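Okay, thanks everyone, I'll keep this short. Have a look at the structure on the screen, and then I'll go from one pairing out to the whole chain.

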Amino acid sequence: MRGLYSLTALVVSCVTLLSSVVEAKSSAGSRVLVLLDSLAEKESYNTFWNQLEDRDFNLVFKKADDPAITLLYFGESLYNHIIHFAPKTSKLSQHKALNNVHLVNFVKNGGNILAATGIDPSDNIRALAAEFDIELDTETVFDHTHFDNEDHSLITTSEIIAPKTIIDPKAMNAPVLYSGTGLAVGKLPLSTAILAAGPDSFLADSYNKRASAAGGITLVGAMQSRNNARVTFVGSLDLFSDKLVQKSKSGNEEFIAQLSQWTFQEKSVLKVVGHSHHKQNGTEQLDWYRVKDDIVYDVDIAEYKNNQWVPYKANDVQLEVIMLDPYIRTTLKQVPVDSKSFGRFEASLRLPDHYGVFTFKVNYKRSGLTYILAEDQVSIRPLRHNEYPRFLTAAYPYYASTGSMIIGFLVFSTVWLSTWGGKTPVEPAKVKAN
């Protein structure tokens, strides 16, 4: 058994090495592990697989309970992404490489997961979703008014509630067809709801025309972890199936294309190309500055879009000058730069009148975009004894009072000395005795 495991791992690693020669359109890599309840289900999602292969992804299909599957080989990840289409496989919790602990570690190492389920998902897939602040329901989503072919469980929706960095509503020419369960996205700022049902939707075991509408049921949710790995959960496997994608007036093909592009980091990916700081009218970056120095700070940011790095454009990038607490927080302005691969953001500022060790930090976090962090640590020193101004403007009244006292003393002394001894004193007359 151990020999079979080693042989399988060796073969997979060789295939991975050969596939890495092909340049991937994803910024995170092209190796995808597809987990299915049964390999016979592969034919149900051919349109989706063709999409991924057209985008240069290398798909490896495996039955989810295959004991030979491994995610690591000598500590190196064999896959960049996992498509989890095996909600009914209950033995994954006992799998030595695909249990929830290993899947969470896969995300911690930078891997991305796209998972889909259906009605009554297994406890294992629900526990996995809970690890990423998403709670899967067990009932079917119905809709009183927005449904297809008199089937109230096959609903239609155009309620895209994600930011346009994830799904661009302008590119959606038809509603999404959906048949499955709902989910609830937690309150963590890392979590995002993407697609919701219409206002007349509700959850139940079976359709009842008298059921009160709950409205706003979340159908697709995602979480982007602090290391920028992305995890997406969809409450419907049929969303990706050919039978819904190929229906007339269906927006599923465009929706799953955009959803997988975001999950596999083919778009909305930012990176810091460089960052620097220097004194005004200077170019050299220093490790220390003087209090109240005027400096210039700039940061270069690129965005991965349409399979290439392009300049990122925004008006909300901020710089903080921090020592425990921010002393300065200012918005960086985008400035022209001779580059087609990144955008430059710049700010001119005066350092605080406080010395110590400060951090220049750009901590940019926006929903749907990868998080970026740029930090520089510098020392701000006080003025030396010979760098203080000779005369202080605020002390001019004291200078004037001291000068007036000196002048008054000199005038008084001059007057006194010039008048002393100028007259002969008169002697008093002597009285003669009788």
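So, K333: its bridge partner in strand 24 is E346. Keep in mind that this is a predicted model. K333 belongs to strand 23, residues 333–335, and that strand pairs with strand 24 in the antiparallel sense, over three bridges.

Now, what stands opposite E346 from strand 19's side? That's D298. Strand 19, residues 294–305, also runs antiparallel to strand 24, and eight bridges join the two.

Which residues of strand 24 are covered, and which uncovered? Strand 24 covers residues 343–350, and its covered face is G343, F345, A347 and L349. The uncovered face has R344, E346, S348 and R350.

Okay, zooming out. The protein chain has seven helices and 26 strands. Its radius of gyration is 36 Å, while the globule rule gives 22 Å for 434 residues, so the chain is more spread out than a compact globule. The C-alpha trace spans about 160 × 60 × 45 Å along its principal axes.

Still, 46% of the 434 residues are buried. And if you take contacts with a separation of 6 or more, 71% of them are between residues 24 or more positions apart.

The chain exposes about 24,000 Å², with 52% of that supplied by carbon and sulfur atoms. There are 43 positive and 47 negative charges, and their mean positions are 10 Å apart.

How values were computed: Residues numbered from 1 in each chain as written. Predicted model: local features only at pLDDT ≥ 70, side-chain atom pairs only at ≥ 80, totals over all residues. Heavy atoms only, no water. Helix = DSSP H or I, 4+ residues; strand = E, 2+ residues; numbered from the N terminus. Rg over C-alpha atoms; globule rule 2.2 N^0.38 Å. Buried < 20%, exposed > 50% of the residue type's maximum accessible area, 1.4 Å probe, protein only. Contact = heavy atoms within 4.5 Å. Areas by Shrake-Rupley, 256 points an atom, 1.4 Å probe, with all protein chains shown as cover. Lys, Arg positive; Asp, Glu negative; His and termini not counted. Charge placed at Lys NZ, Arg CZ, Asp CG, Glu CD. Pairing = 2+ DSSP bridges.
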